Amino acid sequence: MSKEQMTPPQWPIKILRLLLKADYLEEIEGDMEEVFQDNLESGTYNRAKRLFVLDTLKLVRPNLLRNSKWIYRLNFIAMTINNLKIAFRTLLKYKTHSAINLVGLAIGLTIGGLIILYVSDELSFDKFHEKGNRIFKVTTFNDQGGKMETNAWPVAHKLKTEFPEVESVIYSRTAHRSLKLSHKDKEYDHKIHYVSKEFFNIFSFELTQGNPKTALLDPYSVVITESIKQIYFDEENVIGKTMVFRDSLNFKVTGVIKEVPRTSHIQFDMLFSFATYEKLTDWFSYTEGWGNFNVRNYVLLKEGADAQAAEARAVDLYVESVGEWLEEMGILMYVDFIPMEEIYLNSETWNSFGPSGSEDQIKTVSLIGIFAIILACINYINLSTARASYRAKEVAIKKVNGSSRMALITQFLMESYLLTFFAFIIAFVLMYMLLPFFNDLMGRSYLISSFAAPKFLLSIILLGVSIAFLSGYYPALVISAFKPLQAMRGTLNMNPKGLGLRKTLIIFQFFVSAGLLLATFLVLSQLNFMREQDLGFDKEQILVVNASNSKNPASHGTYRTELERLTNVQSVSLTNALPGRPGWQGQWAYPEEVLDDNRVDTEYMAIDENYLKTLGLQLIAGRNFERERTSELEDGLVVNETLVREMGWLSPEDAIGKKIVSPSQRPAGTVIGVVKDYHGLGLQDAIWSKAMDYASDQYGRYFAVRFTTGDTYTLVKEVEEIWNSTFENVGFEYFFLDDDFDRQYREEDRLASVLTLFAFIILIISGIGLFGLISFVALSKTKEVGIRKTLGASVSSIVYLFSKEFIFLVVVGNIIAIPLVWHFGNRWLENFAYHTEVQLLIFPATVILTVLIAFLTVCIQTIKTAKLNPVEALRYE
Amino acid sequence: MKKTKLGEFEEMVLLAVIVLKDDAYGVEIKKELESRLKERLSVGSIQSALKRMEEKGFLNSEFGETTKKRGGKRKRIYTSTPHAHKVLKEIKEIREGFWSNIQLTPVDLKTI
């Protein structure tokens with residue numbers, strides 16, 4: 001490097017030009033450069049540069065710096081301290097108002113914080129995969145609105161070989177639950193998937209032991225999580241160790257992975273290599289078997305590949321490959337790609353696995369949260385503008401002394417920031433205390449530590465700042481606008497515009513409150529309707545034993561006989577379908593006489609002669625199965641009313657003796673009986689056409705036990721004992737039918753409790769806001785009340801005077817809310833196949849409730865003023 | 001003395017300016033002081049002292065010639081004012097007044 005090229009670094013000079021007085025620059029720059037050259041002669045280039053930078057820093061001295069504006073900021077700091085002091089004193093002076101604002105803002109922030117926690121967590125699912133933007137889940141849907149998470153066997157193969165965009169695919173199947181692991185004489189139940197070898201290449205699960213490339217290559221390889229390792233192994237390194245499943249299958253441990261993140265839609269304890277599945281299912285084929293819709297697939301597209309183009313071509317994969325066959329079946333299938341980050345919220349498929357979230361719930365909760373926050377801000381705005389006249393003199397004096405409007409706005413904003421800061425602290429305490437309750441409400445399990453996550457802290461601070469700004473800005477604008485002369489003279493009229501705004505805001509508050517109340521009533525009434533509705537069967541007093549794991553179907557008969565001997569057992573039925581746990585839905589059936597165009601999608605159920613009795617189903621035509629009539633056991637079918645209608649038969653009586661045929665032989669036979677329709681699914685869904693044959697010995701999975709005792713504890717014990725002696729070494733699983741069935745209403749239940757809670761909170765926020773406002777109005781009208789009383793007004797007439805205006809506002813809020821709730825309520829109810837009507841009663845009920853709350857609030861304050869001795873009132877100057 | 005305080009470092013810089021005469025500009029002053037004080041000084045400390053003294057009326061300044069080494073920027077040559085001479089003299093007298101009453105023995109010197 002020649003000497004000419006060794007110039008001093010430029011950036012420090014640029015900084016100097018910004019900072020130093022312009023007059024000094026030429027001299028100082030020259031000096032600096034000369035010193036730099038001197039240093040170059042006596043040392044290396046780097047040393048000279050270092051010294052140059054150091055010297056630059058040392059040049060930043062007060063008397064060399066530009067007289068820039070920051071010098072005046074010293075004043076700004078002093079003013080800030082002063083403003084804080086005044087803000088603090090103001091808060092203390094108007095204790096009631098401050099408390100109301102504080103409570104409102106704290107509630108708003110608490111709700112906001114919890115909702116941020118919930119929403120950000122829901123949206124964070126599956127974000128940890130490095131190749132996430134290129135991963136898609138392949139799903140199948142049909143032209144009849146059915147969606148499946150699984151695909152036909154050859155789909156993924158086609159994608160891999162015929163689509164240049166596709167880099168690799170994953171095959172996956174959920175292992176059957178009977179694949180249990182025996183360890184130290186105990187049986188464990190684990191979540192296991194078979195996955196193909198590309199799994200670790202596509203997904204970013206971290207292996208702590210083993211090679212991700214080869215771990216899932218060989219048959220009978222298993223990859224386990226850390227926690228599974230701790231259960232089964234004492235040693236640290238477990239690669240190559242053996243695990244025995246179902247007492248006979250030896251698996252080799254080929255990898256250990258870190259715990260599956262909670263925010264993954266794929267959850268598992270262990271992974272088997274897909275090669276294992278191929279071994280166990282030797283008829284499995286990659287290229288054949290279009291009728292087997294039971295593998296899950298994910299594709300990884302190549303970098304830069306056009307996902308939409310690939311998806312557009314993949315849609316018709318079924319039609320192109322097996323179009324004729326599909327046409328014959330009368331159903332069309334298509335392929336759909338779901339982007340990785342949408343999988344969690346997009347899980348409407350009927351056989352989805354893993355945790356799933358609901359976009360609707362996120363929207364509902366966020367909307368309510370935003371309302372709560374806005375309402376809290378409204379309280380602040382209303383109270384601050386109402387009390388603005390108290391601050392008029394302060395503003396006037398400041399203005400006369402030369403304060404700028406900006407400085408005043410800053411001062412009043414600071415008050416709102418200070419209050420929000422206190423609210424922030426309270427909100428954190430509240431969030432801490434409410435977290436267990438919130439977890440319960442939302443069905444989640446957030447930890448206290450999630451409040452300390454930087455992302456969460458940042459969001460809630462941002463929320464706090466915006467709340468403070470939102471609530472403080474308008475009042476600051478109003479108060480700082482006072483004209484000093486008017487304010488000093490005391491002729492300040494509260495401008496009608498401000499009053500109009502306050503009224504509008506109150507209307508809005510009660511519009512939201514009434515709307516939420518109405519929505520709550522609506523959801524509760526639908527929930528109640530679903531609970532009270534006659535389901536057509538009796539779900540109480542039924543214990544169900546899950547027998548899908550029993551390895552020995554031959555013993556089912558023995559077990560049933562043993563159960564029937566128990567004194568408290570009325571009847572026992574073995575079946576594959578129960579209310580809430582449907583049988584084989586979507587089986588095709590035709591009436592024998594007309595084969596074409598009259599396909600009925602039926603739910604096939606395998607039952608025995610006790611089924612109707614046990615579930616309390618009502619036979620309306622024909623007869624039930626009976627053991628003596630063996631021909632009917634062979635060929636008979638019991639159907640429901642819906643099926644009769646769908647088949648086009650005239651009446652239940654007409655249906656008896658009619659024949660049903662089906663390509664799969666399930667269901668097929670002669671109708672011997674018709675049962676009354678019953679709601680086998682929740683009331684959300686329409687009733688399926690049902691056909692039941694006598695085949696529980698073949699397909700039975702559940703023992704439904706109708707019992708007569710209240711002592712369920714002893715009953716379960718007895719049932720378990722018999723189980724253990726009949727089926728050795730098989731875990732006993734049971735549930736009560738009513739609990740199980742009610743699970744279907746869980747989402748509505750949650751909605752109802754969320755709404756109830758929020759409606760309550762929002763009503764409180766609106767109530768205290770109104771309370772604060774009225775206390776102000778009452779105070780400012782003390783004199784008027786005094787004069788009216790001297791002239792003979794009664795307490796009640798004064799209360800009426802005050803309350804009529806506010807009650808009018810509340811009623812207006814209600815009136816706006818009613819049509820909206822009517823509209824959206826009806827739309828929501830349409831989601832349910834069976835639903836209640838919007839009950840008109842809830843509208844007057846809500847109006848009365850809100851008006852009553854408003855009236856009581858007004859009364860408490862005004863009665864106090866109205867009762868005041870007029871002498872006191874008039875003397876107060 | 002009261003209003004026109006001269007700090008110790010400022011006094012040194014002022015003396016350097018007087019010694020250097022026509023050559024008294026930033027870098028030269030810095031070099032002079034560095035050789036006398038036997039420590040490295042920053043451009044900032046010198047400049048800050050110069051500007052302060054100029055404000056207080058101890059120094060006058062004007063632009064001088066430029067050199068290639070300075071990248072085309074002019075020097076600023078400082079000259080001391082009569083007021084500065086007066087104050088320096090006062091300081092010297094005050095100090096001498098003290099010293100005339102102090103007899104430092106070798107023992108005392110050791111403790112210093």
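Trainee: At about what angle does helix α18 of chain A run to β16(A)?

Mentor: This is a predicted model, so the angle is computed from predicted coordinates. Helix α18 of chain A covers residues 556-565 and lies across two strands, β16 and β24 of chain A. Its direction relative to β16(A) is about 165°.

Trainee: Over how many bridges do β16(A) and β24 of chain A pair?

Mentor: Strand β24 of chain A spans residues 702-707, and its pairing with β16(A) is antiparallel. One of the bridges joins A:Ser571 to A:Arg706, which lies in β24(A). The pairing of β16(A) and β24 runs over 6 bridges.

Trainee: Which strands stand at the edges of the sheet, and why is one side of each left without a neighbour?

Mentor: The sheet is open and has 4 strands of chain A, in the order β16-β24-β15-β25, with antiparallel pairing. A strand at the edge has a single partner, so one of its sides has no neighbour in the sheet. The edge strands are β16 (569-575) and β25 (734-736) of chain A.

Trainee: Which strands does helix α24 of chain A lie across?

Mentor: Helix α24 covers residues 712-726 of chain A. The helix runs at about 30° to β15(A), which spans 542-546. The strands that α24 lies across are β15, β24 and β25 of chain A.

Trainee: Which element gives the largest share of the largest nonpolar core?

Mentor: That core has 87 residues, and A:Ala372, A:Ala376, A:Leu518 and A:Ile762 touch the most other members. Several helices of chain A give two or more residues to it, including α5 (95-123), α12 (359-386) and α26 (746-780). The largest share, 15 residues, comes from α26(A).

Trainee: How many residues are in the second, separate core?

Mentor: Among the members of this second core are A:Val155, A:Ile224, A:Ile266 and A:Val299. Its count is 58 residues.

Trainee: Which element gives the most to the side of chain B that touches chain A?

Mentor: The contact takes 17 residues from chain B and 17 residues from chain A. On the chain B side, the elements giving two or more residues are α2 (26-37), α3 (43-56) and β2 (74-80). By class, that side has 2 nonpolar, 7 polar and 8 charged residues. The element that gives the most, with 7 residues, is α3(B).

How values were computed
Residues are numbered from 1 along each chain as its sequence is written. Chains are lettered from A and ligands numbered from 1 in the order in which they are written. This is a predicted model: local features need pLDDT of at least 70, side-chain atom pairs count only at pLDDT 80 or more; totals for chains, interfaces and linings use all residues. A nonpolar core is a set of buried Ala, Val, Leu, Ile, Met, Phe, Trp, Tyr and Cys residues joined through C-beta atoms within 7 Å. A residue is buried if 20 or more other C-beta atoms lie within 10 Å of its own, exposed if 12 or fewer, and partly exposed in between; C-beta atoms are placed from the backbone. Two strands pair if DSSP finds at least two bridges between them. Two residues are in contact if their C-beta atoms, placed from the backbone, lie within 7 Å. Axes are lines fitted to C-alpha atoms, for helices over the stretch in contact, and angles run from 0 to 180 degrees between N-to-C directions. Ala, Val, Leu, Ile, Met, Phe, Trp, Tyr, Cys and Pro count as nonpolar, Asp, Glu, Lys and Arg as charged, and the others, Gly among them, as polar.
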